[in-house]
Amino acid sequence: VSQLFRFEEFGLSKEEKEELERLIVSRPEHFALVCDGLDEGSVDADSFLWRVLQGTRLSGLRVIATSRPCEAVAMLSEEGAFQRHLQMFGFTEENVEGFTKKYLGESQGEKMISELGKHPSLASLMHTPFFALLICEQFKEASKLPSTRTGIFSSLVTRLLQRFMKSRGKRVNFKRLEDVPVELLEKAVE
């Protein structure tokens, strides 16, 4: 079990770690393992995780895995390792245009779609609904697109911190992530 979980990341004592391992091994049907980004790690056929996914180890453990298509997932699917297989599809070009215009309004939507033509890396992200929302939200607030992918997340974190400050009745005196006081960032991650 310790091959599967990094208990030290949870700040558990040795005794707590051993107790949790004992519980998982003795009653796996009471636990769920979430593998987010299964394709991003190494899942070889002789690994403990592979055997868990096949159901030959920790039988009864519920596993929820997210992954982009990859060889390991295809092999596990062929072996019947997954009870259900869901495939998510992103927005088509028509969906991107429809979502953008509905979210921003016709004229602002047209303006943003025109701007996207100058930013192919951002335009490709618009096919993922979550990113489409983030990019539209940034455009709505700033009337311009972020210049990089990093800019999307920087803007999101800045807006979240601004909302946090306002909800606490504090004055917001920053517009960019680079201007956020270090003390606030430290407090936000506590």
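I sort residues by relative accessible area: buried means under 20%, exposed over 50%, and partly exposed in between, with a 1.4 Å probe and protein chains only. I am working on a predicted model, where local features need pLDDT of at least 70, side-chain atom pairs count only at pLDDT 80 or more, and totals for chains, interfaces and linings use all residues. Residues are numbered from 1 along each chain as its sequence is written, and side-chain values use heavy atoms, with hydrogens and water left out.

**Entry 1. Glutamine 83**

I looked up glutamine 83 and found it in the loop between helix 3 (71-78) and helix 4 (93-104). Helices here are DSSP runs of H or I with at least four residues, strands are runs of E with at least two, and both are numbered from the N terminus. Is glutamine 83 buried or exposed? Its relative accessibility is 79%, so I logged glutamine 83 as exposed.

**Entry 2. Helix 4 against helix 7**

Next I took the helix pairs. I used axes that are lines fitted to C-alpha atoms, for helices over the stretch in contact, with angles from 0 to 180 degrees between N-to-C directions. The axes of helix 4 and helix 7 come within 10 Å and cross at roughly 40°. I sort angles this way: under 35 degrees is roughly parallel, over 145 roughly antiparallel, 65 to 115 roughly perpendicular, and the rest oblique. Helix 4 and helix 7 are therefore oblique to each other. Their crossing is right-handed. A crossing gets that label if the near helix is turned clockwise from the far one by less than a right angle, and left-handed if anticlockwise.

Which residues meet here? From helix 4 I listed Phe99, Thr100, Tyr103 and Leu104; from helix 7, Ala132, Leu133, Cys136, Glu137, Phe139 and Lys140. Contact means heavy atoms within 4.5 Å. By class I noted seven nonpolar residues, one polar and two charged in this contact. My classes put Ala, Val, Leu, Ile, Met, Phe, Trp, Tyr, Cys and Pro as nonpolar, Asp, Glu, Lys and Arg as charged, and the others, Gly among them, as polar.

**Entry 3. Helix 5 against helix 7**

Helix 5 (residues 106-116) packs on helix 7 (residues 129-142) at about 115°, with the axes 11 Å apart. I therefore put helix 5 and helix 7 down as roughly perpendicular to each other. Helix 5 passes helix 7 in a right-handed crossing. Helix 5 brings Gln108, Lys111, Met112 and Glu115 to the contact, and helix 7 brings Ile135, Cys136 and Phe139. I scored the contact of helix 5 with helix 7 as four nonpolar, one polar and two charged residues.

**Entry 4. Salt bridges**

How many salt bridges does the structure hold? I logged ten. Each is a side-chain nitrogen of Lys or Arg within 4 Å of a carboxyl oxygen of Asp or Glu. Side chains of opposite charge can pair when their charged atoms come close.

- Lysine 17 and glutamate 21 meet at 4.0 Å, N to O. Both lie in helix 1 (residues 14-26), four residues apart, about one turn of the helix. Lysine 17 is partly exposed at 28% relative accessibility, whereas glutamate 21 is buried at 18%.
- Glutamate 115 and lysine 118 meet at 3.4 Å, N to O. Glutamate 115 is partly exposed at 23%, and lysine 118 is exposed at 59%.
- Arginine 176 and aspartate 179 meet at 3.2 Å, N to O. Arginine 176 is partly exposed at 46%, and aspartate 179 is partly exposed at 39%. Elsewhere, salt bridges that share partners join Glu97, Lys101, Glu106 and Glu110 into one network.

**Entry 5. Glutamine 138 and serine 143**

Glutamine 138 is in helix 7. Its 11% relative accessibility makes glutamine 138 buried. What does glutamine 138 touch, leaving out residues up to four places away in sequence? I listed Ser143, Lys144, Pro146, Gly151, Ile152, Ser155 and Arg159.

I then checked serine 143, which lies in the loop between helix 7 and helix 8 (149-167). Serine 143 has a positive phi of about 60° although it is not a glycine. I have serine 143 as partly exposed, at 38%.

**Entry 6. Leucine 58**

Leucine 58 also goes down with a positive phi, about 50°, and is not a glycine. I placed leucine 58 in the loop between helix 2 (48-54) and strand 2 (62-66). At 13% relative accessibility, leucine 58 counts as buried.
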